[in-house]
Amino acid sequence: MEKINGERLWGSLMDLAKIGATPKGGVKRLALTEVDRQGRDQFVRWARDAGLAVRWDTVGNIFARREGAAPLPPVMIGSHLDSQPSGGRFDGAYGVMAGLEVLRTLNDRKIKTRAPVEVADWTNEEGSRFAPGMAGSAVFAGVHSLDHVVSQKDLEGITFAEALERIGYAGAGAPHPVGAYFEAHIEQGPVLEDTHTTIGVVQGALGQRWFDVAVIGQDAHAGPTPMELRKDALIGASRLVLEVNRIAREYPDYARATVGFMQVKPNSRNVVPGEVRLTVDMRNASDATLLRMKEDLEKTAARVGAECRVAAEVREIMYFPPCQFAPALVDSVRRAAATLGLSHRDIVSGAGHDAVHLARVAPTAMIFVPCEGGISHNEIENARPEDLAAGCNVLLNAVLERAGN
Ligand code: GLV
Ligand code: MN
Ligand code: MN
C-alpha cells in the first residue's frame with residue numbers, strides 16, 4: 001500500500017499553526033480576517049509549488065486540483081483553515097493539510113489517477129465570526145444561497161461580502177460536480193483515545209439547529225428600582241441557560257444543547273440589564289427528537305419570559321438533519337484502515353463538518369483520528385504525529401480506490 005510522508009505532514013501543520021498562533025499553543029484564525037488570508041495564502045503557495053491548479057469561487061472556497069487521465073468529476077478532499085477564537089492547531093487544518101499531503105505523495109510516486117483529485121479549503125466552517133458555520137460548503141452544495149451567506153454581519157457590523165473582498169478571495173464560477181468527497185479530521189471527542197483506536201470510520205453526523213435569542217426587558221437604576229418591579233433581561237437569560245442544559249439532559253440519542261455566547265446590555269454594574277442576546281446550539285442523532293428539543297426551547301422561552309416579565313424571542317438561524325455517509329465510501333475507509341493494519345471502529349460525529357453538506361451532492365465519508373483527552377475548540381487541542389499520519393494513509397488509499405489508476 002502507498003504511504004504518505006508523515007514528517008512532511010506534521011511540518012506543514014506546524015508551519016500553518018504559526019499563522020495566528022496564540023500564547024497557549026493554539027491558533028486564532030477567524031474566518032475572513034487578515035490571519036485567515038495569511039493561512040489561505042500559505043496553502044495557495046504550497047499548492048502551486050506542488051504543481052496544482054488553484055482557484056477560488058464566489059464564497060471564497062479554494063480548490064487546488066491535480067489533473068487525472070480521464071475527464072471525470074474530481075475526487076475531493078477538504079476541510080477548513082479558519083478556527084475558533086481560541087482554537088487548536090488541528091481542527092480543520094488537519095483535513096486540508098492531509099489533502100495536500102496526499103497530492104504531494106501522488107506527485108512523489110508519479111501516480112496518474114483516472115479521476116482528478118482536488119483539495120478544498122471551505123470558507124467559514126466554524127461559524128464563530130459569521131453565522132451560520134459550514135457556510136462555504138453550504139453555498140457549494142446549494143443548502144444556503146450565496147446572497148444569504150454574504151449578507152451576514154459580524155459583531156462590528158462588517159458583512160461577510162466586505163470581509164471576503166478585503167482579503168482578496170472573492171472569486172468566480174459556479175459549483176462543479178464532485179465524484180466523491182473525503183474529509184479527515186481529529187475526533188474532537190474521547191472515544192478513540194479511550195478505546196485505544198487509531199481510526200474512526202465515521203458513519204454520519206448529528207443534526208443541528210442553531211438559534212439567536214433576544215431577551216428584552218428594561219434598563220433601570222440598580223438602586224431605586226424595587227426587585228419586584230424589574231424587567232431584568234439577564235435574570236430571564238440566566239434561567240434560559242439552565243433550561244437549555246435541562247433540555248439536553250432530558251432527550252435521548254446524543255442530545256446536546258449549549259449556550260456559548262451571551263451579550264449583556266448595557267453591561268454596566270449599576271444598571272438592571274435591559275437586553276441580553278444569546279445563542280443556542282442544539283444537536284441530536286434523531287431528526288424527530290431534534291425537532292422536539294426546538295419546540296421545548298420555544299415553549300420554555302415563552303414561559304420564562306412571562307415569569308420574568310421580559311420578552312424572549314427565539315429565531316432559528318440554521319438547521320440540518322442528522323446525516324448518514326455513503327456506505328460504499330465508508331467501506332473504502334474501513335478497508336483502507338484494515339489493509340494498513342490500523343485499529344478502527346465505527347463512530348458518529350458530534351461536530352458539524354463540511355462533509356455533511358457535501359453528502360448532499362456527492363458520495364461522502366470521513367476519517368477520524370484521536371486527539372488528546374478528546375479536547376477541541378481549545379488552544380491546548382493536541383494530536384500525535386503518528387495518528388495524523390495514519391489517518392492520512394487511510395485517506396490516501398481510500399482516495400486511490402475511488403480515483404482509480
Ligand atoms: C463545528 O465546529 C461544529 O460546531 O460542530
Ligand atoms: Mn472542524
Ligand atoms: Mn471546529
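**Exercise 1. Compare the radius of gyration of the protein chain with that of a compact globule of 405 residues.**

Solution. With 405 residues, a compact globule would have a radius of gyration near 22 Å, and the protein chain, at 22 Å, agrees with this; the radius is taken over C-alpha atoms, and the globule rule is 2.2 Å times the number of residues to the power 0.38. This is a predicted model, in which local features need pLDDT of at least 70 and side-chain atom pairs count only at pLDDT 80 or more, while totals for chains, interfaces and linings use all residues. Residues are numbered from 1 along each chain as its sequence is written, chains are lettered from A and ligands numbered from 1 in the order in which they are written, and side-chain values use heavy atoms, with hydrogens and water left out.

As a next step, the chain contains twelve helices and 16 strands, where helices (H or I, at least four residues) and strands (E, at least two) are DSSP runs numbered from the N terminus. Buried residues make up 56% of the 405 residues; buried means under 20% relative accessible area, exposed over 50%, and partly exposed in between, with a 1.4 Å probe and protein chains only.

**Exercise 2. Find the protein donors of the manganese ion (ligand 2) and of the manganese ion (ligand 3).**

Solution. His80, in the loop between S3 and H3, and His185, in strand S5 (residues 180-186), link distant parts of the chain, 105 residues apart. Both His80 and His185 are buried.

Because Asp91 lies in the loop between strand S3 (75-79) and helix H3 (93-108), and Glu126 in the loop between strand S4 (117-121) and helix H4 (135-140), the pair ties together parts that are 35 residues apart in sequence. Asp91 counts as buried at 6% relative accessibility, and Glu126 counts as buried at 7%.

**Exercise 3. Which residues surround ligand 1?**

Solution. The surrounding residues are Glu125, Glu126, Gln208, Arg283, Ala351, Gly352 and His377, where a residue is near a molecule if one of its heavy atoms lies within 4 Å of it. Then take the distances to oxygen atoms of ligand 1: an N or O atom in the side chain of Arg283 is 2.8 Å from one, a backbone N or O atom of Gly352 lies 2.6 Å from one, and a polar side-chain atom of His377 lies 3.2 Å from one. Taken alone, ligand 1 exposes 190 Å², of which the protein buries 92%.

**Exercise 4. Where are the cis peptide bond from Lys265 to Pro266 and the positive phi of Asn267 placed?**

Solution. The bond from Lys265 to Pro266 is cis, with omega near 0°, and Pro266 has its place in the loop between strand S10 (262-265) and strand S11 (271-272). Asn267, which is not a glycine, has a positive phi of about 60° and is found in the loop between S10 and S11. At 62% relative accessibility, Asn267 counts as exposed.

Key: Polar contact = N/O pair within 3.5 Å; in protein donor to acceptor, adjacent residues only side chain to side chain. Areas by Shrake-Rupley, 256 points an atom, 1.4 Å probe, with all protein chains shown as cover. Donors = N, O, S within 2.8 Å, 3.2 Å for Na, K, Ca; no water.
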